[in-house]
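Let's walk through this one together, from a single residue out to the whole chain. Have the viewer ready.

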Amino acid sequence: MSGSWVFSFTDAVDMVNQIAESENGTRCYLTNWFRYGYGRDVAPIDRCTIDALDAELAASGYNIKELLVSLTLTRTFRFRAVEE
């Protein structure tokens, strides 16, 4: 994510709701699950995978269980290079 994101909120709950409902917030959420699940940082080559996962996450109604399944079904996850 690049650039800055400025918004106003009335309290912590309002802030969390705005972040959760924003495109930047959901993309950040997804990206952090990607990093955790794959055990590495996101590389430029992962953009297509992240985009596909983002679409699947939205289609599932932002269901975390569906996201975790989707993460393990990607070609990127299933065919990782073995480090020696």
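Does S22 count as buried or exposed? S22 counts as buried because its relative accessibility is 11%, where buried means under 20% relative accessible area, exposed over 50%, and partly exposed in between (1.4 Å probe, protein chains only). You'll find S22 in the loop between α1 (12-20) and α2 (23-38). From there, the S22 side chain reaches the backbone nitrogen of G25 at 2.8 Å.

A quick word on ground rules: this is a predicted model, so local features need pLDDT of at least 70 and side-chain atom pairs count only at pLDDT 80 or more, while totals for chains, interfaces and linings use all residues. Residues are numbered from 1 along each chain as its sequence is written, and side-chain values use heavy atoms, with hydrogens and water left out.

Now zoom out. The protein chain has five helices and zero strands, running α-α-α-α-α from the N terminus on; helices (H or I, at least four residues) and strands (E, at least two) are DSSP runs, numbered from the N terminus. Its C-alpha trace spans about 50 × 25 × 20 Å along the principal axes.

How much of the protein chain is buried? Of its 84 residues, 21% are. As for the surface, the protein chain exposes about 6,400 Å², with carbon and sulfur atoms supplying 56% of that (Shrake-Rupley method, 1.4 Å probe).

Finally, take the contacts (heavy atoms within 4.5 Å). Among those between residues at least 6 apart in sequence, 39% join residues at least 24 apart.

Technical notes
Polar contact = N/O pair within 3.5 Å; in protein donor to acceptor, adjacent residues only side chain to side chain.
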